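Let's go through a structure together, one feature after another.

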Amino acid sequence: MSDDDMLARPPAGLPATLPAAASRRVGRAMRALVLAAASGLLAACGGVSEAPPTAAIPNTPATVENPQPANAIGTGSVRIGLILPLGASGNAALAAQALRNAAEMAVNEFPGGDVQILVKDDAGTSQGAQAAATQAIDEGAKAIIGPLFSHTVAAAGQVARSRNVPLVGFSTDTNVAARGVYLLSFLPQTDVERAVRYAAAKGRRAFVALLPDNAYGSVVEGAFREAVPAAGGRVVGIERYPTNGSGYADAAKRIAASAQQADAVFLPDSAEVVPQLVQALAAAGAPVAGKQLIGTGLWDDPRMFALPSMAGGIFAAPDPAGYRAFSERYRARYGRDPVRTATLAHDGVSLMAAIVKTRGAMGITDEAIETPSGFSGVDGVFRFRSDGTNQRGLAVMEIGNGSARIVDPAPRSFGGTGL
């Protein structure tokens, strides 16, 4: 996948005066910004195998002799770089500010966290990311959190790996992941695997997919082709459609015969597109009634929940309780809503603070980050693979009556979950 960063869980940026609907509009604009980048360029950690910290407990950082750098958060003795596109334009800057705020929250909320966050601006560019990573490491950073986009993660990661400093970035492009360059983002592959596995456990065996003809579609297609047979099902048809709003009917006609045989239909697209795909399938003689509709994190959208045609559809997502609690604390502190992916910065900082607390100042290593038991964050449990990607404990959500409810809870640990 290329630079479809944050596509699976798009941010919804928000000045304090914006209502929730306006926040969602900013989130859709952010998706457009990320997709535009793609065409040109192709969750709080509680501790290492420990209970999560209590958010209400204030941090009591150690006193340090080193002078406080400009734009730093906290006064702990272990410095961590945080690279964000604060100087970029539009929604990227809005998202960056929310991520910075969330990092500040984590420093204040982690009990006894001995970290200081060095905030660096990459302006959303590769050159800026390289310079920011270099500056942070020169100032003593033992690890780097961020940047936000795949091209900036790649650039900063190159610097970090050359200096033997781990980086935990926010891109969803697994092409930039590697040992030492980890992705904390919500990866579409995890969404697909979790939802398909649930559908198969409920007896669904024949799966078809209608996919957007773009980078995101390519990623979820690969995950779908792997997940279905692994869950005991079979793929009976896959078709792609153009993303310019035309061709839905043609794709539906091409897959109609296969869809008639299927008992599960995978439609990984947005609330603007999925209803049109459902209508196109019905017009082609393959109505979805009685079949299991399956989506990805793009379905985590109130507009999707309001559609009668989507009743019974499922998708994988973090347990919403964690984000609700985080949002309440964020609003109380900053007077506005966070972007959805702000939890990544909170979890990234808490992850580093947890490792420092349990392993000491020199304990932030690849081995520590890759601990098999994983970590507990705002959006549930997660752990890193040695290839830099992650696994998350997700819930399965079912749409109905204007909302989405949990039908299969997220695991609370990785022991015995099959993840």
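**Reading rings, helices and backbone angles**

Being four residues apart in helix α10 (residues 320-334), Phe 326 and Tyr 330 are separated by about one helical turn; helices (H or I, at least four residues) and strands (E, at least two) are DSSP runs, numbered from the N terminus.

Q: What should I know about the model and its numbering?
A: This is a predicted model, in which local features need pLDDT of at least 70 and side-chain atom pairs count only at pLDDT 80 or more, while totals for chains, interfaces and linings use all residues. Residues are numbered from 1 along each chain as its sequence is written, and side-chain values use heavy atoms, with hydrogens and water left out.

Q: What is the mean pLDDT of the chain?
A: pLDDT is the predictor's confidence in each residue, from 0 to 100. Here the chain has a mean of 86, and 82% of its residues reach 70 or more. Over residues 1-68 the pLDDT is below 50, and this stretch has 185 contacts in the model beyond near neighbours in sequence; contact means heavy atoms within 4.5 Å.

Q: How many helices and strands does the chain have, then?
A: The secondary structure comes to twelve helices and 16 strands. Of the 419 residues in the chain, 57% are buried (buried is under 20% relative accessible area, exposed over 50%, partly exposed in between, with a 1.4 Å probe and protein chains only).

Q: How do I read a pair of aromatic rings?
A: A pair of aromatic rings is described by the distance of the centres and the angle of the planes. Rings of Phe, Tyr and Trp (its six-membered ring) pair if their centres lie within 6.5 Å; planes under 30 degrees apart count as stacked, over 60 as edge-to-face and the rest as tilted. This structure holds ten aromatic pairs. One of them, Tyr 241 with Tyr 248, is edge-to-face, with 5.3 Å centre to centre and 85 degrees between the planes. Tyr 241 is buried at 1% relative accessibility, and Tyr 248 is buried at 8%. Phe 326 and Tyr 330 make a tilted pair, 6.1 Å centre to centre with 45 degrees between the planes.

Q: Why does the helix matter for reading that tilted pair?
A: An α-helix has 3.6 residues a turn, so residues three or four places apart point the same way. Phe 326 is buried at 0% relative accessibility, and Tyr 330 at 1%.

Q: Which residues form one aromatic cluster?
A: Tyr 182, Phe 375, Phe 382 and Phe 384 do.

Q: And how do I read a charge over a ring?
A: Look for NZ of Lys or CZ of Arg within 6 Å of the ring centre and within 35 degrees of the ring normal. The charged end of Arg 340 sits over the ring of Tyr 323, 4.0 Å from its centre. Likewise, Arg 392 has its charged end over the ring of Phe 186, 4.4 Å from the centre.

Q: What about backbone angles?
A: Most residues other than glycine have a negative phi, and most peptide bonds are trans. Asn 164 is not a glycine, yet has a positive phi of about 60 degrees; this residue is in the loop between α4 and β5 (167-169) and is exposed, at 67% relative accessible area. Asn 401 also has a positive phi, about 55 degrees, and lies in the loop between β15 (395-400) and β16 (403-408). A cis peptide bond, with omega about 0 degrees, joins Gly 146 and Pro 147.
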